Each structure stands twice: as structure tokens, then as C-alpha cells.
Amino acid sequence: MPTFPLIPKKVALVRTRFRTIQTPLPVPESLPILEEMRKYEPQSMGGLPPVVWKTGENFIVHDYWGNRWIDWSSGVLVTNAGHGRQEMIDAIVEQARTGLLTNYLFPHKLRGKLAGMLVKRAPKNLDKVFLLSTGSETIEVAIKLCRTRGQKIAASKRVIVSFANAFHGRTLGSQMIGGIPALKAWIGNLDPEMVQVPFPDGFRCKDLGFDLFLKTLQKAGVKASNVCGVILETYQGGNASFADSAYMRQLRDWCDKSDILMIFDEVQAGFGRTGKYFGFEHYGVRADIVCCGKGISGSLPLSAIFANHEVMDLYPPGSMTSTHSANPVCCAAAIANLELLDREKLVENSARMGTVLHEELKKIHEEFPGRIGAVHGKGLVAALQMIKPGTEEPDADTAFEIVEAAYERGVLMFSPVGYGGASVKIAPPLTINREALLESLEVLHEAIHAVLHGEISAQEPSSAPRSQELQFRG
Ligand SMILES: Cc1ncc(COP(=O)(O)O)c(C=O)c1O
């Protein structure tokens with residue numbers, strides 16, 4: 001992935017109700033901070049646009065020098081209820097003031113309350129939840145539970161099927177079960193009982209039929225009776241790609257026939273991102289295990305894995321734990337976050353604004369058909385897969401330039417992700433309103449134009465000045 005040079009560049013002045021760019025970028029005064037990070041941290045931490053965040057306010061991110069961006073990253077799909085929400089700050093401060101900042105597994109009030117709130121929001125069959133800190137941890141537990149259960153049924157029932165191009169995290173197990181070979185090349189000894197099949201996304205894999213799943217397993221010599229679980233991202237995160245519901249129903253039936261657990265990785269898709277509370281609801285199928293993180297707390301590190309009690313209680317007291325499981329301050333944040341999602345009907349807003357987003361993206365796709373290979377997503381998540389002219393080859397450089405051009409105009413995304421690192425990913429907080437969404441889409445359009453045709457100069461103001469007041473909170 002290209003990195004952003006730490007050389008300030010003069011960019012056009014931007015001043016709208018939601019965006020301000022009034023300095024060169026990166027901001028010259030920010031260079032010592034950025035250079036310190038580049039010096040002391042692994043370079044892997046340095047891939048994102050070099051904005052030094054000071055604060056976040058709903059769907060806007062501020063730096064220290066008066067610049068403001070419409071945030072299309074939500075951190076990395078975390079701030080579903082918006083940045084800097086007072087209700088969350090109050091809950092965090094109130095819990096911190098009690099003096100209980102950590103407690104390992106000793107009981108505390110908020111843990112039970114949060115567990116209850118989560119289970120009540122999940123489908124009925126998922127009657128237990130285990131609270132952890134990161135999404136990857138929930139994947140590790142999912143692997144452990146489904147293998148443990150499988151081996152209780154038959155010693156050979158150990159195979160876990162996952163999908164090509166899937167991302168499930170960066171710990172050992174979550175990388176092994178992932179479907180991106182480059183990310184697991186370092187492991188050396190891959191688990192032969194973790195097998196990947198193509199994900200029918202309609203672009204990189206155009207064969208949407210379930211037969212491909214069956215044929216791939218047959219070719220790999222895998223019998224259904226030896227499979228203990230199938231794990232998939234509800235949508236493939238990098239490209240925001242969903243499978244067909246018909247495919248998912250066939251997969252569900254196949255799992256049921258051979259007593260196989262179906263595990264949805266909802267670390268990105270959960271808590272309203274796709275316009276439904278849980279993204280897998282789009283498929284109309286039952287989930288046996290659901291892994292969540294990111295938007296569950298909207299802020300502090302907290303994740304959760306849901307399952308039925310028969311699966312969740314496979315391990316006796318003390319043998320499936322984690323030091324920071326259900327940290328009380330993180331629980332306070334998550335409770336406030338869930339309350340905000342409900343009270344402000346943010347899942348519904350995600351669906352409503354998602355319609356606007358996808359209608360506009362469709363128009364952009366139609367304007368650049370030879371350079372945008374596909375636009376996928378639902379609700380407030382989308383990705384534009386950039387391709388090289390006249391091919392379907394991923395075009396990572398162009399995707400990077402689009403992200404850069406948008407950042408220079410006051411719309412902030414993380415660097416391209418997905419297949420070949422060529423997907424421009426859009427994931428604003430679920431609180432975004434129509435006006436801000438349309439304004440940011442205009443910026444995206446302008447950025448694509450500027451990169452592909454150079455017709456709209458980055459040196460010109462990108463919008464007529466509007467009121468600078470921040471009236472959109474809450
Ligand atoms: C779909 C998916 N699963 C798992 C993870 C891992 O979550 P974490 O980074 O919290 O470990 C991620 C993170 O981006 C993800 O997108």
C-alpha cells in the first residue's frame with residue numbers, strides 16, 4: 001500500500017457547514033507528531049491519511065488546526081452512534097468515578113446488564129453472550145467452540161470451512177481461518193482442516209450457485225460429516241460484498257443436514273451498519289454463532305460472541321476467559337451506545353441514508369463504468385472496486401489517489417482495502433444526515449473526476465461557502 005508522504009502540500013480552501021480545510025496537508029505543525037509515530041511505531045501503523053485527530057463530533061472529525069472532515073471511516077466502523085456522544089462520555093466518566101476500572105471475572109453490575117441487553121437484542125436461539133475485547137478474540141472463541149463441539153460428535157469432525165478473501169482478524173487463528181493468502185504466508189504450517197471456498201460476490205466470483213461450494217469441498221476431499229463449522233463475514237468487509245440470499249439458504253440447509261454450525265462474523269456488519277440490527281438478517285437464515293465487535297460499544301474496546309447455551313457452556317468455569325473481558329468502563333460505553341442506537345433509531349437511519357448512498361453511488365458507477373468494476377454494500381457501508389482500464393484488474397493506485405483527493409477536500413476515509421487493495425470504502429457514522437451525506441458524495445464524485453480526468457482542479461474551492469455552525473449534533 002502506498003503511504004502518505006509527510007510533505008505538506010498546498011490544497012484548496014474548503015469551508016462548508018460540515019468541512020473546513022484551511023491549511024496545507026499534512027498540517028506543517030503536525031509533522032513532529034507524525035514523525036514521532038513513524039519513528040517509534042511499526043510502519044504497519046502508518047497507512048492512513050495523516051490527520052492528527054483532536055476530537056470527534058458526531059460524523060465530523062477535527063484536527064488541532066481548525067480543519068474538519070466528514071468522517072467516512074467511523075474509526076474503523078466503530079462509531080456507529082457518532083463520535084464524542086455526550087451520553088457515552090457521561091456513562092464512561094460515571095463508571096470511572098466509582099473507582100472500578102477493572103475487575104477480571106469478579107462480578108460487577110454492568111456486565112450482567114450489558115449481557116442481558118445484548119441477548120434481548122439477538123435472535124432467540126442465541127441465548128448466551130461472552131464479552132471480550134477485540135473482534136479477533138471472538139473469532140478465536142468461535143473456532144474453539146465449534147471444533148470442541150464437533151469433536152464431541154465425532155473425532156474426525158474438525159474441518160472449518162471459510163471463504164476466499166475473507167478477513168477475520170490478525171491473531172493466529174483468525175488469520176488461518178481468513179481467506180487472504182498474503183496475510184497468512186508468515187504462518188508456515190497452515191491448518192489442513194481449515195478450508196476455503198470462493199465467496200459468491202458477483203464480481204470477483206461471478207458463479208453465484210451453491211454448486212461451486214459443494215464442488216470446491218469435493219475437490220479438497222472434504223466430507224460434510226467431517227465439517228464442524230462454516231464461518232463467513234456477513235458481507236466481505238474489504239469489498240462490502242454480500243452473497244445471494246438463495247445461496248445462504250442452501251448453505252444453511254447443508255449445515256443443518258450434517259450438524260454443522262453456521263458462524264457469522266458480524267464484527268463489521270453488526271449494530272445497524274447494513275440497515276438491519278444484525279447484517280445476517282438480510283439473508284433470512286438462522287445463525288448458530290455470531291461474532292461482534294467494533295460498533296457494539298461505539299468507542300472503547302469491547303466485543304462479544306453469541307451462541308446457544310449448549311455451545312457456549314462447553315467449557316467449565318475458569319477455562320474460557322480473558323483478562324479484560326467485560327471491563328466495567330467498556331461496558332458502560334457499550335450500554336450507552338446500545339441505548340443511543342435504540343433511542344435515535346439509528347438502524348432505521350442507516351437503512352434510510354443507505355438508500356440515498358446507494359442511489360448516488362449507482363450514478364457514479366454509471367459515469368465511470370470502465371474504472372469502477374463494482375459498487376457493493378447495503379445500508380451505510382459501501383465499497384467502490386477500482387479497476388485498470390479495459391480490464392477487471394484491481395487498481396490500487398487509483399483507489400489510493402481517490403482517498404487522497406477526498407481527504408484533501410474534507411472527506412476522510414481509511415486507505416483502500418479489499419481485493420488487491422483497490423476498494424474505496426465508505427462507512428460513515430449511522431447518525432449522518434442527508435445533507436452531509438449528499439455533500440460528501442459530491443466530494444467523492446469530484447475526487448474521482450480529479451483523479452481520472454483531472455477536470456475539477458484540487459486548487460479550486462470544492463463547494464460554495466455555507467454556514468460554519470455546528471448544528472447537526474445528536
Ligand atoms: C469482519 C472482521 N472480523 C474480525 C475483525 C477483527 O477485529 P479486531 O480488529 O477488533 O480484532 C475485523 C477487523 O477489522 C473485521 O473487519
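Predicted model: local features only at pLDDT ≥ 70, side-chain atom pairs only at ≥ 80, totals over all residues.

**Helix packing and ligand site**

On the H13 side, I found Thr398, Glu401, Ile402, Ala405 and Ala406 in contact with H14. On the H14 side, the partners are Val443, Leu444, Ala447, Ile448, Val451 and Leu452. I sorted the residues of this contact by class: 9 are nonpolar, 1 is polar and 1 is charged.

Next I looked up the geometry. H13 spans residues 396–408 and H14 spans residues 434–452. Their axes come within 8 Å and cross at roughly 130°. I noted the crossing of H13 with H14 as right-handed.

I turned to H3, residues 86–97, and H11, residues 328–343. The two axes come within 8 Å and cross at roughly 155°. Angles over 145 degrees count as roughly antiparallel, so H3 is roughly antiparallel to H11. H3 also passes H11 in a right-handed crossing.

I then listed the contacts. H3 contributes Glu87, Met88, Ala91, Ile92 and Gln95. H11 contributes Pro328, Val329, Ala332, Ala333, Ala336, Asn337, Leu340 and Arg343. By class, I have 9 nonpolar, 2 polar and 2 charged residues in the contact of H3 with H11.

At what angle do H8 and H9 pack? I read about 45°, with the axes 10 Å apart. H8 covers residues 211–219, and H9 covers residues 245–257. The two helices are therefore oblique to each other. H8 brings Phe213, Leu214 and Leu217 to the contact, and H9 brings Tyr247, Leu251 and Trp254. My class count for H8 with H9 is 6 nonpolar, no polar and no charged.

**Ligand surroundings**

Which residues are around the ligand? I listed Thr134, Gly135, Ser136, Phe167, His168, Gly169, Glu233, Asp265, Val267, Gln268 and Lys294.

I then checked individual atom pairs with oxygen atoms of the ligand.

- Gly135 has a backbone N or O atom 2.8 Å from a ligand oxygen.
- Ser136 places a polar side-chain atom 2.6 Å from a ligand oxygen.
- Lys294 has a side-chain N or O atom 2.9 Å from a ligand oxygen.

For Gly135 the atom belongs to the backbone. For Ser136 the atom is in the side chain, and for Lys294 the side chain also supplies the atom.

Definitions and conventions
Residues numbered from 1 in each chain as written. Heavy atoms only, no water. Axes fitted to C-alpha atoms, helices over the stretch in contact; angles between N-to-C directions. Helix = DSSP H or I, 4+ residues; strand = E, 2+ residues; numbered from the N terminus. Left-handed = near helix turned anticlockwise from the far one by under 90°. Contact = heavy atoms within 4.5 Å. Nonpolar A, V, L, I, M, F, W, Y, C, P; charged D, E, K, R; others polar. Near = heavy atom within 4 Å. Polar contact = N/O pair within 3.5 Å; in protein donor to acceptor, adjacent residues only side chain to side chain. Parallel < 35°, antiparallel > 145°, perpendicular 65-115°, else oblique.
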